[in-house]
Structures are given as structure tokens and as C-alpha cells.
Amino acid sequence: MARPYLQVRDNELHAQNAVEFAFKLLTLYEADRAIVIPAMILHDVGWSRVSEEITRKACRPHADRQLARIHEEESVKIGGEILEEAGYDRDRVTEILVIIDGHDTRVEALSINDRIVKDSDKLTRYAKNFWFWTRQLPMVPEELAGDLEGMINQWFFLPESKKMAKAEITRRRLEIDNRRDPYPAPK
């Protein structure tokens with residue numbers, strides 16, 4: 001049900017990769033899979049309702065949080081509709097939507113479920129979405145890798161997420177050294 005809303009930017013790949021990281025973190029931390037996974041799938045569906053111009057301005061390092069807030073609000077609306085149509089448990093829907101509503105702009109995490117969502121979302125920047133961002137930002141891969149490496153202690157809540165980010169950035173540096181983008185832009 002979310003797939004049609006994930007066809008902007010690189011959001012389908014991003015959501016899939018974020019879910020992969022969430023599953024890894026769920027094996028390491030005691031959290032509610034029935035909250036984390038739907039939140040992870042739905043957290044960025046709102047970009048489908050945001051103009052290209054705002055998206056470009058909001059998807060930059062140190063972007064204006066108010067612009068990123070727009071997609072969170074739209075993701076809550078779309079996510080709520082999808083979860084209601086799916087007949088999802090109302091108590092869980094409430095927590096899922098609260099997590100989505102602030103997954104990028106809320107500095108603190110509200111729960112272990114929220115920590116896993118926030119960390120999994122950020123981890124994709126170090127993994128499969130790294131190469132997408134090198135094509136979107138006015139940065140060379142080496143510069144992006146350095147910026148991401150510098151954000152590890154600021155961005156991540158969970159110790160295992162920090163370890164995963166460090167491992168992923170090591171892989172990206174090897175790819176950079178070998179001049180190999182394993183996820184080339186679609187033609």
C-alpha cells in the first residue's frame with residue numbers, strides 16, 4: 001500500500017534499506033516490531049506530496065528543519081490512511097504516527113521504538129543511499145563520507161547503530177578507493 005507513495009527520489013530503495021537496518025537492530029534491542037517496521041515503511045511517504053523545489057531545499061546537509069517538517073506532516077496523513085485501511089491496531093497506529101511525526105526534525109527520541117526508527121533512517125545514508133546522495137549533493141564522495149563520519153556520534157542513539165555506521169562508511173571508502181558505485185543511477 002505504501003509503494004505508490006515511495007516512487008519519488010530514491011525512497012523505495014531507502015525504505016527497503018531502512019527496514020533491513022531496523023530488523024538488525026530489533027534483534028539487538030527489545031522493541032516492538034509491530035510498531036518499528038510499519039513506521040519505517042511509512043516514514044517518508046509524505047515526500048510524494050512535496051514539491052520538487054521544496055524537496056531539493058529540504059534534502060541538503062544542514063537543511064531548514066521547517067522544510068523537512070512538511071514531509072513528516074504529509075507522511076502522518078498518508079500513513080494514517082494506509083494503517084486505517086489495513087485495519088491496523090489503533091494503539092499501535094497512535095505510536096507509529098507519533099514516531100513518523102518528527103522522525104527527522106525531533107532531536108530527542110521518545111522510546112526505544114523511536115530510537116530504532118531514527119537510527120535506521122540515518123543508517124541508509126551510510127549504506128545504499130550514499131551513492132544516491134553523491135549524485136544529488138554538490139559534494140564529491142570523499143567529502144560526503146567525511147561529513148557522514150563526523151556525524152556518527154551526533155546522529156545515532158544506539159551503540160550498535162554507531163558500529164553499523166562506522167562499518168558502512170568503511171565499505172563506502174573502499175568503494176571510493178576502487179572508484180566503484182555499486183548502485184549506479186537508473187538510465
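Guide: In helix α6, D119, L123 and Y126 meet S161, M164, A165, E168, I169 and R172 of helix α9. Meeting means contact, with heavy atoms within 4.5 Å, and a helix is a DSSP run (H or I) of at least four residues, numbered from the N terminus. The model is predicted: local features need pLDDT of at least 70, side-chain atom pairs count only at pLDDT 80 or more, and totals for chains, interfaces and linings use all residues. Residues are numbered from 1 along each chain, and side-chain values use heavy atoms, without hydrogens and water.

Visitor: Why are α6 and α9 called roughly parallel?

Guide: Helix α6 (residues 112-126) and helix α9 (residues 159-177) pack at about 15°, with axes 9 Å apart. Axes are lines fitted to C-alpha atoms over the stretch in contact, and angles run from 0 to 180 degrees between N-to-C directions. Angles under 35 degrees count as roughly parallel, so α6 and α9 are roughly parallel.

Visitor: What makes the pair of Y126 and W155 edge-to-face?

Guide: Rings pair if their centres lie within 6.5 Å, and planes over 60 degrees apart count as edge-to-face. The centres of Y126 and W155 are 6.2 Å apart and the planes stand at 85°, so the pair is edge-to-face. This pair links Y126 in helix α6 with W155 in helix α8 (residues 141-155), 29 residues apart.

Visitor: How do you know that Y126 is buried?

Guide: Buried means under 20% relative accessible area, exposed over 50%, and partly exposed in between (1.4 Å probe, protein chains only). Y126 has 0%, so Y126 is buried.

Visitor: Why does W155 count as partly exposed?

Guide: W155 has 22% relative accessibility, so W155 counts as partly exposed.

How values were computed: Helices (H or I, at least four residues) and strands (E, at least two) are DSSP runs, numbered from the N terminus. Angles under 35 degrees count as roughly parallel, over 145 as roughly antiparallel, 65 to 115 as roughly perpendicular and the rest as oblique. Rings of Phe, Tyr and Trp (its six-membered ring) pair if their centres lie within 6.5 Å; planes under 30 degrees apart count as stacked, over 60 as edge-to-face and the rest as tilted.
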